[in-house]
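Please read it alongside the sequence and the model.

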Amino acid sequence: MFKKIIVGISGGIDSAVTAFLLKNKGYDVTGVFMKNWDIKNETGKCQIDEDKEHAEWICKKLKIPFVEVNFVKEYWNNIFCYLTEQYENGYTPNPDILCNKYIKFDQFFNFARTKLQADAIATGHYAKTSFGPYLEHFKLNTNVKLLQAKDLGKDQTFFLCQVPQQALRYFMFPLGNYLKKDVKKIAEEIGLDKIVHKKESTGICFIGKRNFQNFISEYISDKPGDFIDLDNGKVVGKHKGFHYWTVGQNVKLGGYPIAYFIYKKDIQSNNIIVVKGTNHPALYTDFIITETPYWISSEPNELNSYYRTMCCNFRFQHRDSLISCIVHKNLRNELMIRIDQPLRSLTEGQFVVLYKGEECLGSAEISFCGPSYYFLEQEIMNDNKLKKQIANVSV
């Protein structure tokens with residue numbers, strides 16, 4: 001059923017090994033490099049150019065065709081303009097999730113299927129689906145489930161939490177059953193020495209090695225305001241704009257014995273509320289409300305029951321451990337989520353991703369965080385206090 005496979009080649013070892021595994025299984029493989037950004041940094045270089053060179057080298061090494069496609073306009077219109085608007089209004093969006101949703105699993109998917117006549121598409125993501133790594137369990141007109149990778153430390157289902165169902169059905173994830181160390185070993189064995197030790201890209205792709213505050217200032221005008229101490233209401237400094245700061249970030253104000261951290265951005269006054277100490281209770285909450293959720297396969301049955309409530313696992317940053325939570329769907333189709341333990345710096349505009357077992361159920365954008373433990377007058381226990389409490393309970 002699936003013969004011609006288009007592989008998204010990024011210039012790194014994960015997509016390279018993905019292409020190798022597919023070719024080794026006898027598929028007709030073509031590597032496609034996506035150009036989503038073309039603005040050079042202050043040194044006059046564009047990271048994309050180096051990645052393209054590596055992608056071409058990989059395809060030549062594997063003896064597969066190389067194709068380049070330009071999605072710069074689509075990326076700018078669908079993602080970057082939205083990001084700058086969100087940053088300017090005090091929110092903290094996740095560009096990697098949006099890139100997968102609008103570019104890789106939409107624009108790239110459609111390009112591969114229509115222009116290149118692909119039977120299926122493959123990427124180097126560490127993820128699995130219920131259709132199998134090579135779509136060996138594919139069923140027409142059947143919803144596919146997104147599952148966590150074998151290597152939980154590299155699992156990327158968090159970033160795939162908004163991908164369209166129709167596209168996901170035709171995606172292969174050959175690395176889903178591999179550990180990262182084994183992928184590196186394969187790359188070494190097949191002679192991909194040029195990229196084996198290449199530093200992996202992390203953070204926002206279009207920023208590269210630049211300082212985020214310097215980068216974002218090129219696209220958003222400064223809108224100055226005050227830093228206000230939550231505990232005493234006093235002005236403790238000045239800021240240039242919301243877009244420079246994220247919730248939980250260290251402000252590094254001089255002249256104070258204890259470091260200040262961002263608690264909240266006040267849209268009405270244009271002030272940023274700060275608190276003393278990284279573990280201030282105002283930074284913690286165990287309750288959030290989200291926008292309408294996106295379910296990858298289908299909405300969980302429990303949310304359509306009489307109680308409209310389910311128990312599952314919660315994550316809002318991709319490297320964080322999964323935490324148990326209770327999810328309730330209200331009459332506006334928003335999710336009200338109670339987390340089993342307080343989390344630091346939950347932020348409006350970011351995505352909460354929900355799991356049950358190994359399945360990634362879907363996600364929703366956070367619209368409200370709180371009340372914080374500061375306003376509930378609850379203490380955040382450090383490790384020593386927690387150990388002492390557990391010991392007392394045991395006795």
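1. UniProt positions are given in the numbering used here, feature names are shortened, and annotations may be inferred rather than shown by experiment. This is a predicted model, in which local features need pLDDT of at least 70 and side-chain atom pairs count only at pLDDT 80 or more, while totals for chains, interfaces and linings use all residues. Residues are numbered from 1 along each chain as its sequence is written, and side-chain values use heavy atoms, with hydrogens and water left out.

2. An unreviewed UniProt entry assigns residues 288–366 the annotation "domain: tRNA-specific 2-thiouridylase MnmA-like C-terminal". That span is 54% strand and 0% helix, and its end C-alpha atoms lie 7 Å apart. Helices (H or I, at least four residues) and strands (E, at least two) are DSSP runs, numbered from the N terminus.

3. Helix α6 (residues 180–189) has K180, V183, I186 and A187 buried. Buried means under 20% relative accessible area, exposed over 50%, and partly exposed in between (1.4 Å probe, protein chains only). These four residues are on the same side of α6, because they cover an arc of only 115° around the axis; the arc is that of the directions from the helix axis to the C-beta atoms. The exposed residues K181 and E189 are on the face turned away from the buried side. After α6 comes G191, with a positive phi near 85°.

4. The largest nonpolar core has 79 residues, of which F2, I5, V7, L22, F105, L168 and M172 touch the most other members. Such a core is a set of buried Ala, Val, Leu, Ile, Met, Phe, Trp, Tyr and Cys residues joined through side-chain atoms within 4.5 Å. Helix α4 (residues 95–115) gives the most to this core, with nine residues. A second, separate core of 21 residues includes V327, L335, L343 and L354.

5. The whole structure holds 18 aromatic pairs. Rings of Phe, Tyr and Trp (its six-membered ring) pair if their centres lie within 6.5 Å; planes under 30 degrees apart count as stacked, over 60 as edge-to-face and the rest as tilted. Y27 and Y134 are stacked, because their ring centres are 6.3 Å apart and their planes at 15°. Y27 is in the loop between α1 and β2 (28–35) and Y134 in the loop between β5 (128–129) and β6 (146–147), so the pair ties together parts 107 residues apart in sequence. Y27 is buried at 19% relative accessible area, and Y134 is buried at 13%.
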